[in-house]
Structure formats: structure tokens, C-alpha cells
Amino acid sequence: MTRLLTRYFVLVGLLLGSASIASASTSSGGIIGLWQTAGGSGYIRIYEKNGALFGQSVGHLQDTVQQARAKGQPQILADFVPKRPGEWAQGRIYDPNNKTYFHGTLTALDPHELKVYGYIGFSWLGGDTIWTRVSTN
């Protein structure tokens with residue numbers, strides 16, 4: 001009887017653990033919000049749409065995504081999907097300085113730093129930058 005209970009609790013623990021990992025990998029709430037690009041030259045508002053992450057350049061900290069689009073601000077991030085907890089991949093990054101699109105990944109380094117990695121063709125042909133979360137308080 002004790003052996004049966006032990007197996008039962010181990011099985012329940014494994015199921016609950018795998019469910020929480022699956023939930024964490026699809027949760028994008030950790031990076032949704034306003035980010036300042038490296039060097040402080042711009043602001044990107046990251047939002048979720050249909051299970052994917054997108055990032056809209058905003059001219060002013062108070063601008064919504066819709067207001068930024070109406071002002072002609074470019075969409076910087078598109079179609080990022082969860083890869084594992086704290087990482088999103090298979091997306092596109094737009095560089096408005098040279099009007100180029102890159103493949104990319106996003107990695108939450110901590111609650112205040114986001115690594116944005118862009119590459120062309122092969123993932124080892126690229127570079128990264130660190131964005132900093134903007135406090136909205």
C-alpha cells in the first residue's frame with residue numbers, strides 16, 4: 001500500500017511539474033510592456049496577439065500601439081513564439097536604420113533586461129543587443 005501511494009504521488013508530481021513548465025513556456029507576460037533600446041535611442045512596446053509577440057516602436061512613452069501606428073512608427077518585432085521559459089524565437093526584427101529584416105530570438109535575462117538577437121540566414125551570423133524595461137510607475 002505504501003509503495004502504491006508513493007508511486008501515485010510521484011506520478012502526480014511529474015504531471016503537475018510538466019503542466020507548470022508548459023504553462024511557463026507559453027506565458028509571455030514577463031516581457032510584455034515598454035522597453036528602451038540600447039543606447040536609449042528608442043522605445044518599443046511589446047504586446048501579444050494571437051499567441052505571438054510583437055513590438056511596436058513608439059515615439060512617446062504614453063503612446064499606445066495604435067497611436068504609434070497612426071503616427072507612422074514602424075513595427076520592430078513580429079511573430080515571436082515561445083521556445084522555452086523566458087525565450088521566444090522564429091520571429092522577425094526590423095532595423096529601421098538600414099531598413100533590413102532579420103530573423104531573431106528574444107531572451108529575458110531578468111525582469112529588467114531583454115536580449116534581442118538578430119541574424120541573417122544562420123543563427124551564428126548575427127549579433128545581439130540588450131533592451132531595458134521602462135518603469136511605467
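Residues are numbered from 1 along each chain as its sequence is written, and side-chain values use heavy atoms, with hydrogens and water left out. Because this is a predicted model, local features need pLDDT of at least 70 and side-chain atom pairs count only at pLDDT 80 or more, whereas totals for chains, interfaces and linings use all residues.

**Overview. Fold of the protein chain.** The protein chain has two helices and eight strands (DSSP runs numbered from the N terminus, helices being H or I of at least four residues and strands E of at least two), and along the sequence these follow the pattern α-β-β-β-α-β-β-β-β-β. Of its 137 residues, 31% are buried (under 20% relative accessible area, with exposed meaning over 50% and partly exposed in between, for a 1.4 Å probe and protein chains only).

View 1. Gln56 belongs to strand β3 (residues 52-58) and counts as buried because its relative accessibility is 1%. Its side chain reaches the backbone oxygen of Gln73 at 2.8 Å. Leaving aside neighbours within four places in sequence, the residues in contact with Gln56 include Tyr43, Tyr47, Val65, Ala68 and Pro74 (contact meaning heavy atoms within 4.5 Å).

**View 2. The salt bridge between Asp63 and Lys71.** Asp63 forms a salt bridge with Lys71, with the closest N and O atoms 3.1 Å apart (a salt bridge being a side-chain nitrogen of Lys or Arg within 4 Å of a carboxyl oxygen of Asp or Glu). Asp63 is buried, with a relative accessible area of 6%. The structure holds four salt bridges.

View 3. The side chains of Arg92 and Asp79 meet in a salt bridge at 2.9 Å, N to O. This pair links distant parts of the chain, with Arg92 in strand β5 (residues 87-95) and Asp79 in strand β4 (residues 75-84), 13 residues apart. Arg92 counts as partly exposed at 39% relative accessibility, and Asp79 likewise counts as partly exposed at 33%. Glu87 forms a salt bridge with Arg84, the closest N and O atoms being 3.1 Å apart; salt bridges that share partners join Lys83, Arg84 and Glu87 into one network. Glu87 counts as buried at 14% relative accessibility, whereas Arg84 counts as partly exposed at 43%.

**View 4. Phe122 in the loop between β7 and β8.** Phe122 lies in the loop that runs between β7 (113-119) and β8 (126-133), and it counts as exposed because its relative accessibility is 52%.

How values were computed. Polar contact = N/O pair within 3.5 Å; in protein donor to acceptor, adjacent residues only side chain to side chain.
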